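I opened a new structure today and wanted to see how its surface is made up. My entries follow.

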Amino acid sequence: MTATTHAAPGEKTPSQRRVDAFAFDVIGRINQAIVDHDMTYDEYDAVKQWLIRVGEAGEWPLVLDVWFEHTVEELAARSRHGSQGTILGPYYLPDAPELPAQTALPMRSDEPGDRLVLRGQVRSLDGTPLPGATLDMWQAGADGYYSGFHPSTPEGNLRGRVRTGEEGRFEVQTVVPGPYTIPIEGPCGELCRAAGWSPWRPGHLHLIVSAQGHVPLTTQLYFEGEEYLDNDVASAVKPELVLSPAEEPGGSDRRRFSESYDFVLEPARS
Ligand SMILES: [Fe+2]
């Protein structure tokens, strides 16, 4: 241990002790990595400049969500019951329009991509259906771009808050989302190239499922056969979250798929 910032526990608050312990551990492990990898001054300067560029480019949320959030989520999942969750990621926007239980996400009249119908039920842990639950959904289009983050995609495209109907059921028409890379023009892309890492995420639907008196579930749904399921740059894929949609006959210029998926929410602890 070569960190020199650790002070002996004195009259610290519990919060200060926790910050002290975590920060001391992080600093110590980074110092140890510098030793283990025999870092030169040139390499130290390159890392320092990269860290500065991450800040200047506004990519710290990206760094945290891609390379660290999955571990926090896995820790949180250890004490959670009900459906599997995964990371939120950096592309959520609040206040999407409210939509009824049988609906289509807002999309362009000529929205590219194969069509997908996702239907299912939201239930409580004891099996009680949850009418009036909300599925806050957002996704990239078939081109891999999110509305609100790419100039070619109309505002609000493929985003909506679906309210479940009787028996907690829902049926949402959308498109099959395309895979995408994390932004590769900035320092995160630079790191991927320097390290030879894939910058890709497999196509996925994002959801936050919530209902009164229950713990909200943040999750993503993936698609069997996708190229990047096994090397997701964000390490967010779980087997329980991979769909195998059935192809429906009669698709004309576009293929049509449908899938059923139920969400089980854990009651909130009082
Ligand atoms: Fe995403």
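This is a predicted model: local features need pLDDT of at least 70, side-chain atom pairs count only at pLDDT 80 or more; totals for chains, interfaces and linings use all residues.

I noted the patch rule: residues have over 30% relative accessible area and no salt bridge, with nonpolar side chains (Val, Leu, Ile, Met, Phe, Trp, Tyr) joined within 5 Å and like charges within 9 Å. A salt bridge is a side-chain nitrogen of Lys or Arg within 4 Å of a carboxyl oxygen of Asp or Glu.

I then picked out Leu64, which lies in helix 3. Leu64 is partly exposed, at 45% relative accessible area. Buried means under 20%, exposed over 50%, partly exposed in between (1.4 Å probe, protein chains only).

Next I turned to charge. Asp38, Asp42, Glu43 and Asp45 form a negative surface patch. Asp38 sits in the loop between helix 1 (14-36) and helix 2 (41-56). Asp38 counts as exposed because its relative accessibility is 63%.

I also checked Gly148, in the loop between strand 4 (134-139) and strand 5 (159-163). Gly148 and Tyr91 are 57 residues apart in sequence, yet 8.2 Å apart in space, C-alpha to C-alpha.

Last, I looked up the domains: domain 1 (14-56) and domain 2 (70-265). Their centres, taken over C-alpha atoms, are separated by 34 Å. The bounds come from an automatic or database domain assignment.

A note on method: residues are numbered from 1 along each chain as its sequence is written, and side-chain values use heavy atoms, without hydrogens and water. Local features need pLDDT of at least 70, side-chain atom pairs count only at pLDDT 80 or more, and totals for chains, interfaces and linings use all residues.

Note on methods. Accessible areas come from the Shrake-Rupley method with a 1.4 Å probe; for residues, only the protein chains shown count as cover. Lys and Arg count as positive and Asp and Glu as negative; His and the chain ends are not counted. The place of a charge is taken as NZ of Lys, CZ of Arg, CG of Asp or CD of Glu. Helices (H or I, at least four residues) and strands (E, at least two) are DSSP runs, numbered from the N terminus.
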